[in-house]
Amino acid sequence: MLFRVVLAVAVLVIFVYGLVDVIRTDGRLTRGISKPAWIVVMIVLPVLGAILWLLIGRPRDSAPVRQPRSHPTAPDDDPDFLRNLEMRRRNQAEAARLKKLKDDLEANAKADGGPAGTGQNNAGTRGKDGIGHDEAGGASTGDADTHDTGDVK
(Lines give C-alpha, C1' and ligand atoms only; values in the text may rest on other atoms or scores of the structure.)
Protein backbone atom coordinates (compact mmCIF):
# COMPACT_ATOMS: atom_id res chain seq x y z
CA MET A 1 0.00 0.00 0.00
CA LEU A 2 2.74 2.43 0.94
CA PHE A 3 4.61 1.55 -2.25
CA ARG A 4 1.60 2.50 -4.37
CA VAL A 5 1.24 5.87 -2.65
CA VAL A 6 4.95 6.65 -3.10
CA LEU A 7 4.76 5.59 -6.75
CA ALA A 8 1.67 7.75 -7.38
CA VAL A 9 3.31 10.76 -5.73
CA ALA A 10 6.52 10.22 -7.75
CA VAL A 11 4.54 10.02 -11.01
CA LEU A 12 2.62 13.16 -10.11
CA VAL A 13 5.80 15.06 -9.18
CA ILE A 14 7.57 14.04 -12.41
CA PHE A 15 4.50 14.97 -14.48
CA VAL A 16 3.98 18.35 -12.81
CA TYR A 17 7.69 19.21 -12.93
CA GLY A 18 7.95 18.28 -16.63
CA LEU A 19 4.77 20.14 -17.57
CA VAL A 20 5.78 23.29 -15.70
CA ASP A 21 9.25 23.09 -17.22
CA VAL A 22 7.79 22.83 -20.75
CA ILE A 23 5.45 25.76 -20.14
CA ARG A 24 8.18 28.02 -18.72
CA THR A 25 10.74 27.20 -21.42
CA ASP A 26 10.98 29.61 -24.34
CA GLY A 27 9.39 28.08 -27.44
CA ARG A 28 12.45 28.88 -29.59
CA LEU A 29 14.69 26.82 -27.33
CA THR A 30 12.76 23.53 -27.37
CA ARG A 31 14.35 20.65 -29.26
CA GLY A 32 12.73 17.90 -31.27
CA ILE A 33 9.19 19.19 -31.68
CA SER A 34 7.41 22.46 -31.02
CA LYS A 35 6.42 23.62 -27.57
CA PRO A 36 2.65 23.05 -28.04
CA ALA A 37 3.40 19.53 -29.27
CA TRP A 38 5.51 18.87 -26.14
CA ILE A 39 2.59 20.00 -23.97
CA VAL A 40 0.26 17.57 -25.77
CA VAL A 41 2.79 14.73 -25.35
CA MET A 42 3.09 15.55 -21.65
CA ILE A 43 -0.68 15.41 -21.16
CA VAL A 44 -1.26 12.25 -23.23
CA LEU A 45 1.74 10.33 -21.86
CA PRO A 46 2.39 11.80 -18.40
CA VAL A 47 5.41 9.80 -17.22
CA LEU A 48 6.86 8.91 -20.61
CA GLY A 49 6.27 12.47 -21.87
CA ALA A 50 8.08 13.95 -18.87
CA ILE A 51 11.02 11.57 -19.30
CA LEU A 52 11.20 12.31 -23.05
CA TRP A 53 11.05 16.04 -22.35
CA LEU A 54 13.87 15.86 -19.83
CA LEU A 55 16.04 13.71 -22.12
CA ILE A 56 15.25 15.07 -25.59
CA GLY A 57 13.20 18.27 -25.63
CA ARG A 58 14.74 20.38 -22.90
CA PRO A 59 17.37 22.92 -23.99
CA ARG A 60 20.90 21.74 -23.25
CA ASP A 61 23.20 23.36 -20.72
CA SER A 62 20.59 25.65 -19.30
CA ALA A 63 18.21 25.77 -16.43
CA PRO A 64 14.55 26.45 -17.15
CA VAL A 65 14.19 29.89 -18.68
CA ARG A 66 12.71 32.16 -16.10
CA GLN A 67 10.63 35.04 -17.35
CA PRO A 68 11.73 38.23 -15.63
CA ARG A 69 8.86 39.74 -13.78
CA SER A 70 8.62 43.36 -14.60
CA HIS A 71 6.87 45.46 -12.06
CA PRO A 72 5.83 49.01 -12.72
CA THR A 73 8.26 51.58 -11.47
CA ALA A 74 7.34 54.93 -10.09
CA PRO A 75 7.75 57.71 -12.67
CA ASP A 76 10.38 59.47 -10.59
CA ASP A 77 12.49 56.26 -10.62
CA ASP A 78 12.38 55.82 -14.40
CA PRO A 79 15.28 57.67 -16.10
CA ASP A 80 13.64 57.46 -19.54
CA PHE A 81 10.47 59.08 -18.22
CA LEU A 82 12.45 61.85 -16.55
CA ARG A 83 14.50 62.46 -19.71
CA ASN A 84 11.34 62.67 -21.83
CA LEU A 85 9.72 64.95 -19.27
CA GLU A 86 12.70 67.32 -19.38
CA MET A 87 12.68 67.34 -23.21
CA ARG A 88 8.95 68.14 -23.25
CA ARG A 89 9.48 70.96 -20.76
CA ARG A 90 12.28 72.44 -22.90
CA ASN A 91 10.22 72.14 -26.09
CA GLN A 92 7.26 73.88 -24.46
CA ALA A 93 9.50 76.67 -23.15
CA GLU A 94 11.06 77.13 -26.62
CA ALA A 95 7.61 77.21 -28.25
CA ALA A 96 6.45 79.82 -25.75
CA ARG A 97 9.57 81.91 -26.38
CA LEU A 98 9.10 81.74 -30.17
CA LYS A 99 5.42 82.67 -29.85
CA LYS A 100 6.34 85.68 -27.71
CA LEU A 101 8.96 86.79 -30.25
CA LYS A 102 6.45 86.43 -33.08
CA ASP A 103 3.83 88.43 -31.17
CA ASP A 104 6.40 91.16 -30.41
CA LEU A 105 7.43 91.31 -34.07
CA GLU A 106 3.82 91.61 -35.20
CA ALA A 107 3.16 94.32 -32.60
CA ASN A 108 6.21 96.29 -33.80
CA ALA A 109 5.11 95.92 -37.42
CA LYS A 110 1.64 97.28 -36.60
CA ALA A 111 3.18 100.18 -34.68
CA ASP A 112 5.42 101.07 -37.64
CA GLY A 113 2.55 100.76 -40.08
CA GLY A 114 4.31 98.45 -42.54
CA PRO A 115 5.05 94.83 -43.08
CA ALA A 116 6.97 93.05 -40.35
CA GLY A 117 10.70 93.66 -40.35
CA THR A 118 10.68 96.93 -42.35
CA GLY A 119 10.45 100.21 -40.56
CA GLN A 120 11.51 102.49 -43.37
CA ASN A 121 10.86 103.15 -47.04
CA ASN A 122 13.27 102.30 -49.85
CA ALA A 123 14.53 105.84 -50.50
CA GLY A 124 18.27 106.15 -50.01
CA THR A 125 18.93 102.51 -49.31
CA ARG A 126 21.75 100.44 -50.69
CA GLY A 127 21.06 97.23 -52.55
CA LYS A 128 22.86 93.95 -52.11
CA ASP A 129 25.44 95.01 -54.70
CA GLY A 130 26.53 97.95 -52.50
CA ILE A 131 25.33 100.62 -54.95
CA GLY A 132 22.90 103.23 -53.69
CA HIS A 133 19.51 103.30 -55.40
CA ASP A 134 16.86 105.99 -55.50
CA GLU A 135 13.13 105.32 -55.44
CA ALA A 136 13.00 104.88 -59.22
CA GLY A 137 15.53 102.07 -59.04
CA GLY A 138 18.44 103.84 -60.77
CA ALA A 139 21.92 104.10 -59.40
CA SER A 140 22.82 107.19 -57.40
CA THR A 141 25.27 109.55 -58.97
CA GLY A 142 28.79 109.76 -57.66
CA ASP A 143 29.08 106.13 -56.54
CA ALA A 144 32.07 104.17 -57.72
CA ASP A 145 31.44 101.28 -60.07
CA THR A 146 33.17 98.28 -58.58
CA HIS A 147 33.14 96.17 -61.71
CA ASP A 148 36.33 95.03 -63.42
CA THR A 149 36.90 98.40 -65.21
CA GLY A 150 37.22 100.49 -62.06
CA ASP A 151 35.51 103.49 -63.81
CA VAL A 152 33.31 105.97 -61.99
CA LYS A 153 29.87 106.50 -63.44
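Reading along the sequence, we get the pattern α-α-α-α-β-β. That comes to 4 helices and 2 strands in the protein, and please keep in mind, everyone, that this is a predicted model. As for the overall numbers, 12% of the 153 residues count as buried. If you take the contacts with a separation of 6 or more, 36% of them are between residues 24 or more positions apart.

We can start with H1 and H2. Their axes come within 10 Å and cross at roughly 170°. An angle over 145° counts as roughly antiparallel, and H1 and H2 are therefore roughly antiparallel to each other. On the H1 side, the contact is made by Phe 15, Gly 18, Leu 19, Val 22 and Ile 23, and H2 answers with Lys 35, Trp 38, Ile 39, Met 42 and Ile 43. Sorted by class, this contact has 8 nonpolar residues, 1 polar and 1 charged. If we zoom in on Leu 19, and leave aside neighbours within four places in sequence, Leu 19 is in contact with Ile 39 and Met 42.

Next, H1 with H3. H1 covers residues 2–24 and H3 covers residues 46–57; their axes come within 9 Å and cross at roughly 50°. That angle makes H1 oblique to H3. For those of you who care about handedness, H1 passes H3 in a left-handed crossing. Who makes the contact here? From H1 we have Val 11, Ile 14, Phe 15, Tyr 17, Gly 18, Asp 21 and Val 22, and from H3 we have Pro 46, Val 47, Ala 50, Trp 53 and Leu 54. The residues of this H1 with H3 contact divide into 10 nonpolar, 1 polar and 1 charged.

While we are on H1, have a look at Val 16, which lies in that helix. Is Val 16 buried or partly exposed? It counts as partly exposed, because its relative accessibility is 41%. Val 16 and Pro 46 are 30 residues apart in sequence, and their C-alpha atoms are 8.8 Å apart in space.

H2 takes in residues 35–44, and it packs with H3 at an angle of about 145°, with the axes 5 Å apart. H2 contributes Trp 38, Val 41, Met 42, Ile 43 and Val 44 to the contact, while H3 contributes Pro 46, Gly 49, Ala 50, Leu 52, Trp 53, Ile 56 and Gly 57. By class, the H2 with H3 contact has 10 nonpolar residues, 2 polar and no charged.

In soluble globular proteins, nonpolar side chains tend to be buried together. In this model, the largest nonpolar core has 6 residues, namely Leu 19, Val 22, Trp 38, Met 42, Ala 50 and Trp 53. H1, H2 and H3 are the elements that give two or more residues to this core.

One last stop, and it is a loop residue. Where does Thr 25 sit? Thr 25 is in the loop between H1 and H2. Thr 25 counts as buried because its relative accessibility is 2%. Not counting residues up to four places away in sequence, Thr 25 touches Thr 30, Lys 35, Trp 53 and Pro 59. Trp 53 is also one of the residues in that core.

Methods. Residues numbered from 1 in each chain as written. Predicted model: local features only at pLDDT ≥ 70, side-chain atom pairs only at ≥ 80, totals over all residues. Heavy atoms only, no water. Axes fitted to C-alpha atoms, helices over the stretch in contact; angles between N-to-C directions. Parallel < 35°, antiparallel > 145°, perpendicular 65-115°, else oblique. Left-handed = near helix turned anticlockwise from the far one by under 90°. Contact = heavy atoms within 4.5 Å. Nonpolar A, V, L, I, M, F, W, Y, C, P; charged D, E, K, R; others polar. Core = buried A, V, L, I, M, F, W, Y, C linked by side-chain atoms within 4.5 Å. Buried < 20%, exposed > 50% of the residue type's maximum accessible area, 1.4 Å probe, protein only.
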